[in-house]
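Here are a few notes to read with the model open beside you.

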Amino acid sequence: MKRVFGMIEAVFDITYLVGGLALSCAMLAKGYLVGALAGVVLIFGDSFHLIPRILLILTRREKSLTKWLGYGKQITSVTMTVFYLLLWHWSDAVLEPFHGLWVFVFYLLAVLRVLLCFVPQNQWTSPQPPVRWGIIRNIPFFSMGLIIAARLYLQRTLVQGVEWAWLFILLSFAFYLPVVLFANRQPKVGMLMLPKTCMYIMLLIILYTVPT
């Protein structure tokens, strides 16, 4: 049964990477440069984590892939932060731009998040990285998510097609939080990354359907 679920996850991950790249290319073809760049950053970053994960499922070579899984998670953590910065700029393009303090806070949180991802105490390549540092580095990330979700909620009626973007962001973090807190002790919790990934596909679809 575990092998079956592993193969389902591998197929899901491959579909996500191919589908996300296709949406990004389609946005580029339509001239939606910010959306296309956001999609490329998202898929490119996730591939560093998901490709080793797929190889682990297919080959079961856990010892040789643990290091690459760790580095992949680190890269994904950084590129996901960049994705949210681009999502903010996309929001400026299609909605009413935000200025002043909130922009400063958002960028400050992004810089803090990236810096925390490079702290050695994260022990990215360890088979059991410390949960404490997983929580610490995600505090500014979760704060970024709350800020942009609140912004999209407040401006949800301004442009048709963005009404549910705020909810997809909140749900992505709701699925991600248990993984941060409990996946080290309960690996099955990691399956919540699948619906989290679906939320990002929904966001990419919004980026594709809303003209910029």
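This is a predicted model: local features need pLDDT of at least 70, side-chain atom pairs count only at pLDDT 80 or more; totals for chains, interfaces and linings use all residues.

**Notes on cavity, pocket and patch**

1. Residues are numbered from 1 along each chain as its sequence is written, and side-chain values use heavy atoms, with hydrogens and water left out.

2. The structure holds one cavity of 30 Å³ or more, and the largest cavity has a volume of about 30 Å³. On a 1 Å grid over the protein atoms alone, a cavity is a set of points where a 1.4 Å probe fits but cannot get out, while a pocket is an open set with protein on both sides within 12 Å along at least five of seven lines; lining residues have an atom within 4 Å of a point. Points are joined across faces, edges and corners, and the volume is the space filled by probe spheres set on them.

3. Leu87, Trp90, Leu152, Ala165, Leu203, Ile206 and Leu207 line the largest cavity. The elements giving two or more residues to this lining are α3 (62-94) and α7 (193-209), and α7 gives the most, with three residues. Helices are DSSP runs (H or I, at least four residues), numbered from the N terminus.

4. Now the open space: the largest pocket has a volume of about 2,000 Å³. Of the 50 residues that line the largest pocket, His49, Arg53, Lys73, Pro187 and Gly190 are the closest to its centre. Its largest share of lining, eight residues, comes from α3. The pocket lining divides into 23 nonpolar, 14 polar and 13 charged residues.

5. α2 gives the most to the nonpolar patch, with three residues, and Phe44 lies in α2.

6. Over residues 68-87 the chain is 100% helix and 0% strand, with end C-alpha atoms 28 Å apart. Residues 190-210 are 81% helix and 0% strand, and their end C-alpha atoms lie 32 Å apart. UniProt (unreviewed entry) lists both spans, among others, under "transmembrane region"; such annotations may be inferred rather than shown by experiment.

Terms used. Ala, Val, Leu, Ile, Met, Phe, Trp, Tyr, Cys and Pro count as nonpolar, Asp, Glu, Lys and Arg as charged, and the others, Gly among them, as polar.
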